[in-house]
Amino acid sequence: EVGEGLETLFFSEVMEQNRVRTERLLAIVEYDKGLAINVRANPNLLRPSHFFNHLKQGNLKALKQVTDYYIERQTINGAWPDLRAKPAAEKYGQFLDRVSRAFAETAARFEDEHIFCWLDWDGDNILMDGGIIDYGSIRQFGLFHSEYRYDDVQRFSTTILEQKQKAKYIVQCFAQAVDALLKGRKRPLGNFKDHAALKRFDTVFEECKYRNLLHKVGLSDKAAEGIYKNHLNELRVFRRAFTFFERAKSQRGVYKVADGITRDAIFCMRDILRELPQLLLTRDKALAPEEFIDVIRSSYAKKSDLRLTPMMLRQIHRFQTSYLKLVDLAAKQSRKERANVLLDVTMRSSVINKYDRVTGDSISHVVDRAAKCRPKLRAEEIYHLARAFADYQTMDPDRPRADNVETPGRQRQLMRGMADIVRECREGL
C-alpha cells in the first residue's frame with residue numbers, strides 16, 4: 001500500500017539522518033486503489049539469508065559464489081579494502097571479522113537507541129552490514145520497553161534484549177560458513193559455539209555499549225575516548241546505575257497492546273541526561289532524591305513504582321556521584337573547570353536527548369496525516385516534507401542541520417501537527 005511506502009520513507013530518512021544503517025526508499029510507483037510498488041535502494045542489498053540458504057543445503061559452490069560476490073561488491077563500493085587477490089584463509093577470515101563487528105555494533109546500537117528489529121536465526125530481515133530493511137515491523141521506543149514482543153499470529157517476536165543473542169547466532173552461522181569454504185565440508189553448527197568470531201562479537205558489543213553511553217551523556221568524542229581508555233572502572237559504575245533505572249519496569253506487569261504484548265518502562269533516561277547537567281550548573285550539590293525522581297519519571301510510572309526504598313536511594317546517589325565523577329575526569333583531561341564541561345555537556349545532550357523523539361507509534365500517526373493530505377501535495381512536496389521531518393529529528397550534535405530543507409506554505413501547518421504527534425507519543429512504543 002502507498003501508506004507502507006510513506007512509512008518507510010519517513011522512518012528511513014530519520015534513521016539515515018541519525019547515522020543508523022538502513023536502506024533508503026528510491027521511489028513509490030503508485031497504482032489504482034492505493035496499491036504501490038516501493039523501490040528500495042542500498043549500496044549492497046544482500047542479507048544473511050542469501051548465504052544461509054546455500055549453507056543449510058550444503059551447496060558450497062553457491063555459498064562461495066555469493067560470498068565472493070559480496071566481498072567484490074564491498075570492494076567496488078569502497079566500503080572494504082580489496083580482498084579479492086588475498087589467500088582464501090585471509091580473505092574469508094577478514095570477511096568473518098567484518099561481519100562479526102557489524103552485527104555486534106548493530107546489536108549494541110539497537111539496544112541503546114531502543115530500536116526493535118525482529119532479528120532471528122535466518123537473517124532474513126536485516127542487511128549484511130546490520131542495516132535496517134522492511135519497516136513494517138520496525139519500531140523505535142521512547143523508553144526502554146524491553147519486554148515488548150510483536151505478535152505475528154503464529155508466534156511472538158524476540159525482545160530488544162534478545163536481539164543480541166540472535167545477532168550473535170547469525171555470526172556463529174557465518175563462522176560455520178567460512179569454515180566450510182576453507183575445508184570443503186560443512187561441520188555441525190554446535191562446533192562453533194566458542195569460535196573466536198563470537199568472542200570478538202562480545203568484545204565489540206561491550207565496547208560499543210560503553211561508547212554509546214558516553215555519547216548519550218553528551219561528552220565530546222575526545223573526552224569519551226580518554227575516559228573509556230583510562231577510566232573504565234569509573235565508567236562501569238555509572239553504567240550499572242544507568243542500567244538500573246533504564247530497565248526498571250512498572251508493577252502493572254505484562255499486558256496486551258494492539259500488535260503484541262509489553263511491560264512499561266517507568267523512567268525516561270533521555271530526560272535525566274538532558275536536564276541533569278543544566279540543574280547541576282545552577283547549584284553546588286546533587287539533586288535531592290525527590291527532585292531526581294521528578295525529572296526521570298515517565299508518564300507510565302505509578303506512585304507505587306516510585307517509592308524511595310533503600311535500594312532506590314542508593315541507586316540515585318550512585319547515579320549522580322558517578323555522573324559527576326565522569327564530568328570531573330573529562331574536566332581534568334581537558335584542563336577545564338567542571339562548570340565549563342557541564343555547559344558543553346548541556347549543549348550536546350540537549351540535541352542527543354531531544355525531548356520529542358520519534359517513536360514507532362508517532363511515525364504511524366504522522367504517516368496517516370501525510371497520507372490524508374497527499375492529494376493536495378505534489379510528489380516533490382512529499383519528499384521535501386519527509387526530509388524536513390528527518391531534519392527536525394536529527395539528534396547528532398556534530399551533524400549540521402540541512403540548509404536546503406524548507407516547509408513553505410501548506411507544509412508548515414502539517415509539520416506543526418506532526419511535531420505535536422511526536423511530542424504526544426514520545427514515551428511510547
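**View A. A cluster of aromatic rings.** Ring pairs join F238, F242, F244, F245, F267, F292, F319 and Y323 into a cluster. Rings of Phe, Tyr and Trp (its six-membered ring) pair if their centres lie within 6.5 Å; planes under 30 degrees apart are stacked, over 60 edge-to-face, and the rest tilted. This is a predicted model: local features need pLDDT of at least 70, side-chain atom pairs count only at pLDDT 80 or more, and totals for chains, interfaces and linings use all residues. Residues are numbered from 1 along each chain as its sequence is written, and side-chain values use heavy atoms, leaving out hydrogens and water.

View B. The structure holds 25 aromatic pairs. One of them, F51 with F174, is edge-to-face, at 5.4 Å centre to centre and 70 degrees between the planes. F51 belongs to helix 2 (residues 49-57) and F174 to helix 5 (residues 163-183), so the pair ties together parts 123 residues apart in sequence. Helices here are DSSP runs (H or I, at least four residues), numbered from the N terminus.

**View C. A tilted pair, F245 and F292.** The ring centres of F245 and F292 are 5.3 Å apart with planes at 55 degrees, so the pair is tilted. F245 is buried at 0% relative accessibility, and F292 is likewise buried at 0%.

**View D. Arginines over tyrosine rings.** R239 lies over the face of Y210, 4.7 Å from the ring centre. R252 sits over Y255 at 3.6 Å. The cut-offs are NZ of Lys or CZ of Arg within 6 Å of the ring centre and within 35 degrees of the ring normal.

Technical notes
Helices (H or I, at least four residues) and strands (E, at least two) are DSSP runs, numbered from the N terminus. Buried means under 20% relative accessible area, exposed over 50%, partly exposed in between (1.4 Å probe, protein chains only).
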